[in-house]
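Me: I've got a protein model open and I'd like to talk it through. Can you help me make sense of what's on the screen?

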There are 2 protein chains.
Amino acid sequence: MINKLIANIKKTDAPIVVGLDPMMKFVPEYIKAANFAEYGETLLGAAEAVWQYNKGIIDAVCDLIPAVKPQIAMYEQFGIPGMTVFKRTVDYCKEKGLVVIGDVKRGDIGSTAAAYAAGHLGRVQVGSKAYPAFDEDFITVNPYLGSDGVKPFMETCVEEKKGIFVLVKTSNPSSGEFQDRLIDGKPLYQWVGEQVAAWGAECMPAEGGYSYVGAVVGATYPEQGRIMRKVMPKSFILVPGYGAQGGKGADLVDFFNEDGLGAIVNSSRGIIAAYQQEQYSRYGEQNYADASRAAVTAMKEDIASALAKRL
Amino acid sequence: MINKLIANIKKTDAPIVVGLDPMMKFVPEYIKAANFAEYGETLLGAAEAVWQYNKGIIDAVCDLIPAVKPQIAMYEQFGIPGMTVFKRTVDYCKEKGLVVIGDVKRGDIGSTAAAYAAGHLGRVQVGSKAYPAFDEDFITVNPYLGSDGVKPFMETCVEEKKGIFVLVKTSNPSSGEFQDRLIDGKPLYQWVGEQVAAWGAECMPAEGGYSYVGAVVGATYPEQGRIMRKVMPKSFILVPGYGAQGGKGADLVDFFNEDGLGAIVNSSRGIIAAYQQEQYSRYGEQNYADASRAAVTAMKEDIASALAKRL
């Protein structure tokens, strides 16, 4: 799947990922009204509104981008109907040829981690049969529990040729509270990054290139991105925090390797709620998906021009 | 809800929690056969088998225990039918008067953490209405992202009088890989524990006592439990790792405060798969729930006798 991600990046010439994090305040009023009229102001009504909103965005941008990153919390909050729409979104994006990164940030140990790995990346055994449940291509994983919490995901990645992005240095303001603390002169996130490199070395595709084990480093910490790029040369870095959280293309060049690969930059609300920004307000909420397409194009240009200046 | 947990512990005289982590290999063959016959060897068939298995255990032990801890990964791996049975299990346990600790180990930032908090502890707004989704009483939370990742849960805890247990020192063998690393002479888990104490101070019930913010410290690390008990005097400690993972009652006394409270010890497979252990094999799989009841009684006695020796 890492190679499909790379192929999609090359095809679209866009190392970007659209975060499908559909907060209700982003969903156009007309979509909410229609779905509440049909299903009531219920969890089902909310979930179906989210689905219609997502589908509009996916249809509008799928030819421009290699991947999407649905944030499962935004679906999970609506209970079973929300999880159903999460799965529908995963499936629909895969039908459209997109790589799907489930932003699930799961993390547990042993058989529990194996259950998450089966549910999100692999297949679960039921009697004589085996089924995928949510079946994303990649997921994000939390490293706090150590190797016991990561190895079961690695095993599934190797079996299924899928991938994980391990949280290393997150984009939020307080990420340094624990992640930046110095241990023998090096910050915790660097120790985690070194483990990512070691885990990654155990999870290489037969044909070489990039590992099935990637990392998350926030766009809001470009200096840390530069360091971690060197610490984990074979790991793709998933870079959240572009746009709404403050990251800009010029900040991101050092997250990439010399081959122009090795990073994929996420924008969520900057794309999916573009129509609510002054810059794209001319589209109006009826044309929210066109506003998202324009925002994707602008993001692609911002990153391409920053990368071009580096070379 | 912390006060309901304490009341339940006093009522049952048992500071224990049964982990409802239903791996398929624990489910008696006759239950699997019946459900596969009815629903096929499908995700639904597996989930319904899990439900029947859970219900048997809950019915058999609910009068002996204060709380249960369903591990969501074991349900999530079966997709939508699994999540439906997770919710059914939560609801059924609450009907039986049990406190429900959702072992979800979620962790994210800002609006995403708020969505998890709404989905698991609070209510999500849908138009003019607000609904609970999974509606546990407590959940477990991962601290790697720092305060940004914990505060949204704290806000929901205060609003809803619910609670969280933050991962501090987990029970697995490799938990030390990051958690034990020394930062200015103190291990990372202690820094996290000090934050738990600080977060907890902001989340006290009006009547005082124990905080809405608790911690997870593994039974397999009794020395760390003793230290953390003093660092977080107002936090309940959820103690996994008893039984199958190697923890014994005698190891656990220092997790408790002088009032005999402050800790709740989890056992999962040691209870729910008791019938598969030599000690309880006389029950047979048809009477798996009676074996679970016997294992609960033995666990209660083990911990009570260890605590009695301390006094």
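Predicted model: local features only at pLDDT ≥ 70, side-chain atom pairs only at ≥ 80, totals over all residues.

**Walking through the model**

Me: OK, and how much of chain A is buried?
Reply: Chain A has 12 helices and 12 strands, and its C-alpha trace spans about 60 × 55 × 40 Å along the principal axes. Look at contacts between residues at least 6 apart in sequence: 71% of them join residues at least 24 apart. As for burial, the share of the 311 residues of chain A that count as buried is 60%.

Me: Let's zoom in on helix α7 of chain A. How far apart are its end C-alpha atoms?
Reply: Helix α7(A) covers residues 147–160, which makes 14 residues. The expected span is 1.5 Å times one less than the number of residues, so this helix should span 20 Å. The model agrees, with the end C-alpha atoms of α7(A) lying apart by 20 Å.

Me: Is Asp13(A) buried or exposed?
Reply: Asp13(A) sits in the loop between α1 (2–12) and β1 (16–20) of chain A. Its phi is positive, near 55 degrees, and it isn't a glycine. Asp13(A) has 11, so the word is exposed.

Me: And Lys105(B), is that one buried or exposed?
Reply: Lys105(B) is in strand β3 of chain B, and its phi is positive too, about 45 degrees, although it is not a glycine. The cut-off for burial is 20 or more other C-beta atoms within 10 Å. Lys105(B) has 28 such neighbours, so it counts as buried.

Me: How many strands make up the closed barrel in chain B?
Reply: The order runs β1-β2-β3-β6-β7-β10-β11-β12, with parallel pairing. From one strand to the next, the twist averages 30 degrees. Count the names in that order and the barrel closes with 8 strands.

Me: In β2(B), which residue is the bridge partner of Leu20(B)?
Reply: Strand β1 of chain B is residues 16–20 and strand β2 is residues 67–70. These two pair in the parallel sense over 4 bridges. Leu20(B) is bridged to Pro70(B).

Me: Why is α3(B) described as largely enclosed?
Reply: Helix α3(B) covers residues 43–61, so it has 19 residues and should span 27 Å, in agreement with the model. The rest of the structure largely encloses it, because the number of its 19 residues that are buried is 14.

Me: Last one: which helix gives the largest share of the side of chain A that touches chain B?
Reply: In total, 61 residues of chain A are in contact with 62 residues of chain B. By class, the chain A side has 30 nonpolar, 21 polar and 10 charged residues. The largest share is 7 residues, and they come from residues 110–120 of chain A, helix α6.

Conventions
Residues numbered from 1 in each chain as written. Chains lettered and ligands numbered in written order. Pairing = 2+ DSSP bridges. Axes fitted to C-alpha atoms, helices over the stretch in contact; angles between N-to-C directions. Contact = placed C-beta atoms within 7 Å. Nonpolar A, V, L, I, M, F, W, Y, C, P; charged D, E, K, R; others polar. Buried ≥ 20, exposed ≤ 12 C-beta atoms within 10 Å, placed from the backbone.
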